[in-house]
Amino acid sequence: MRIVAVTACPTGIAHTYMAAEKLEKTAQALGHQIKVETQGAMGIENELSTADIKAADGVIFAVDITVEQRERFDGKRVVQVPVQDAIKDPKGVIARLG
Amino acid sequence: MALEHSFLFPLPNGLHARPASHLEEIVRGFTAAITFANDRTGRTANAKSVLALVGTDTRHSDPCRLVFQGADEAAACLRIARFLSGPFTACDEPLVSESPASPDEMGLPRSLKAAGLQRFHRGGCASRGVGQGRAVVIGAVVLPTVLRTQKAGDAAHERAAFCTAAAAVQNDLERSLDLAHGTEAAVLKAHLALLRDPALAEQIAAQTESGRTAAQAVVAAIEVHAAILRQAESAYLRERVIDLEDIGQRLLEKLCGPGGAPQTPTLAEPAVVFAEALTPGQLLALDRRHLRGLVLGHAGQTSHTVILARSFGIPTLTGVAPTALAVLPGTDTIVDASLGIVITEIPPGVQRWYDCEQAKFSRIAQTQTGAAAHPTVTRDGRRIEVAANISSAEEAAPAFAQGAEGIGLFRTELLFMDRSEAPGEEEQYAQYAAVVRAAAGRPVIIRTLDIGGDKPVPFLKFAPENNPFLGYRGVRFYTEHSALVKTQFRALFRAAALGPLKVMVPMVACLEEARTAKRLFTGAQQELAATGVAHGPEVPFGLMIEVPAAAFILDELCAEADFFSIGTNDLTQYFLAADRGNPKVANLYSSLHPGFLRLLRQIVTDAKARGRWIGLCGEMADDVLAQPLLVGLGFDEISLAGPRVAATKAALAQMAAADCAALLDQALRCATRDEVAQLLAGRPVSTAPLLTPELVAIDLDCRTKEEAIRAAVDLLQVAGRTTKPELLEEEIWLREDTYSTGFGGGLAVPHCKSAHLAANTIAILKSRQGIEWGSVDGQPVRVAILLAIRGDDHGKEHLKVFAKLSRLVVRDEFRDRLMAETDPAALTDFVLTSLNS
């Protein structure tokens, strides 16, 4: 499965990156392809292109705040969870993509 | 038969001394026996005794009765019932807040609240620090030791002695009452009523019957009644103890003569001294080995008592409510002047919190002792002396122990105050000589008398002035009182024979004044030389720059002056025309006003251009934000309170003069004070490493999340990375409030963006017992990694490091190593290496 994800937390210092790391490692271990965009204190990094999003089979928002440039995902089914869930149970979050 | 009048008690503050004395005044006019009964407390009292009335502990709306029995009972009942529903209801002020402050008020660390802090009183911080000891109440009626065991004459004789003393006190009070208005008059009336109170008289009679002297009887009787008041439920009543003690004090003075006047208590164990007011003399008489804190009702921020307390590093609160001052002597007390609170009920958790606080202070002191022993030099080699301000010879030795490189200002006013005649030459010489000896070759600047309408001294008759700060003070009275000033110059010249002493004259506004002072100065030297008295050969003559006009004729003043020192407190207030003691304009009083900075630059430039030494001895020297500007301005010396010397030396040694000069340039270009303040708060991000072994705590004994976060903040404070630990703590908590940073597996990453950081920082705590953190998996946290970044750091370098660390901590192999490592240096190495890989 091709997955794209966005992570974002209130201060953008720690949890954004913890969640990104967890999602990446877990998806790879499960044999999925994944690209995670972080929206933290440094702004948007590893930005998802329109092509990335278009090609994705599943979209995960692991966020506690509003996602920037949300319109890029119009028409996509998005699984949105709190950042903590992605850190605590990344497998479960990925499973929700179906 | 008896008549009864029932009523609900009408006054909001209850039946305290003042309304009781109003009631007693009316009741006294009748012969009938009149009893006051409170049906809530079940207490009854003779209504002709203020003390007994007060002892009924009557509060607002209590069901009460008055019982009248005797010949004029009908008239009495009628009259008093009318009084109670009429004038009596208007005889007291509305209720002022009497409850102790609540811990939910702003500004207290969460960890302290979580430790169980519930009851405390607030005060204004006059001298920072924390101290703990047994409460000693000055103002409590204490008999001089010699009189305690004195044998009494017969009871009638002692009673007569008491009556004579009571009559004399009554006479004094009545005379004061003639001149008093408003609240003061009401208080005096209450005191008068207490004095003629039958309950007090009965108690005195009983005490003299049992073989006590009149003085001993007064002490015992006051204590009996004070004990009743202290048990009252109303804080307002409890604080009436002060009125009672005041009467006791007055009686003792009459009974024992001036020698029997209240004596300063002897401190035999760590003590916190409570007093409505404390004279500088009383403070100096206290044994400072045991004095851990001062809690004062009245004392201005600039009073000499407060200046002394600061200089000795005694934590001091002022403006404390009378309720707090009515503490039971001997109560274990914590004064936290830095947070502005005094605690007289100490739960175990709060004790533990303050034990940690003390441990932190000793760690900070240890890190500063290194710098204290050496002359202060900036990182790029600029020498700047850090000296101490003192106002008594006793303060010199402790200041030098802190690392003071000289005395930058010895205010001599204290020598002249609280006495009926000026100190003679010998007495002054002894004081100045003591300071010069303590200095052991280091420079000492002694300022000649600066008194005037605002600091009256009994032997100089100054007429009252409308505006004493713009009035007859400092050098302005030197011509009229030239003999007094010359005596001081003589004593100074003689002390200068013992070491490098410099003389400085205050409040000079024009060249004529400088010349007048200089004439007296050289006159004194000529006298000494003519009579062959040993004195310093060359004593530098300096001027204190406090009046703005002097700053603009510095070139002319150089003709008379060898050096200058800027008194920023007065110079700021005169330059900005704002009295910092006036809350309405205190915000205008700021030494960071760009105009003021430009003035300072001009003074320093002019002084340097003529080769004059220039120092600064006002409170600006103690402003950590302003200190880089002072280095940038090029002062030869800054002088501040002794206890601040070590920390200041350590801070200056971290600065680079070149950076300070650049910062000054920027500050001088600012348009407003706020811009300057912002600039200073946002100093360049320190290049200190993110993590050092001193920021790692292994085997930490923390029981709660609050304790752990506080311990992390303490690490930063000891490492010199924050000076506002309580604010940093709150910022970390604000993040925890959104959701816990405990992300499972025994790890947590508390973090914050903060304006209260000197440098971006990682700190690592390893807990001995595991801490309940509210983690997602419900497991206790074994390792907490604090990520703290400056709010104004717009660079991404450290954010990237934090992002990388965040990715690392969710990896099992990284976590396992974190858990296993027990050596701070090895752990630091491991984390930094992982971050760089």
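## Helix α1 of chain A

In this predicted model, the buried residues of α1(A) are A:His15, A:Thr16, A:Tyr17, A:Met18, A:Ala19, A:Ala20, A:Glu21, A:Lys22, A:Leu23 and A:Ala27. The helix covers residues 15–29 of chain A. Its 15 residues, at 1.5 Å a residue, should span 21 Å, and this agrees with the end C-alpha atoms, which are 21 Å apart. Just after α1(A), A:Gly31 adopts a positive phi of about 85 degrees.

## Contact between chains A and B

Chain A brings 14 residues into contact with 22 residues of chain B. On the side of chain A that touches chain B, α1 and α3 (83–88) each supply at least two residues. The most is given by α1(A), with four residues. By class, this side of chain A has eight nonpolar, three polar and three charged residues.

## Helices α19 and α20 of chain B

Two packed helices are described by the angle between their axes and the distance between the axes. In chain B, the axes of helix α19 (residues 482–495) and helix α20 (residues 511–530) come within 8 Å and cross at roughly 60 degrees.

From α19(B), the contact is made by B:Ser482, B:Val485, B:Lys486, B:Phe489, B:Arg490, B:Phe493 and B:Arg494. From α20(B), B:Leu520, B:Phe521, B:Gly523, B:Ala524, B:Gln525, B:Glu527 and B:Leu528 take part. Sorted by class, the contact of α19(B) with α20(B) has seven nonpolar, three polar and four charged residues.

Notes
Residues are numbered from 1 along each chain as its sequence is written. Chains are lettered from A and ligands numbered from 1 in the order in which they are written. This is a predicted model: local features need pLDDT of at least 70, side-chain atom pairs count only at pLDDT 80 or more; totals for chains, interfaces and linings use all residues. Axes are lines fitted to C-alpha atoms, for helices over the stretch in contact, and angles run from 0 to 180 degrees between N-to-C directions. Two residues are in contact if their C-beta atoms, placed from the backbone, lie within 7 Å. Ala, Val, Leu, Ile, Met, Phe, Trp, Tyr, Cys and Pro count as nonpolar, Asp, Glu, Lys and Arg as charged, and the others, Gly among them, as polar. The expected span of a helix is 1.5 Å times one less than its number of residues. A residue is buried if 20 or more other C-beta atoms lie within 10 Å of its own, exposed if 12 or fewer, and partly exposed in between; C-beta atoms are placed from the backbone.
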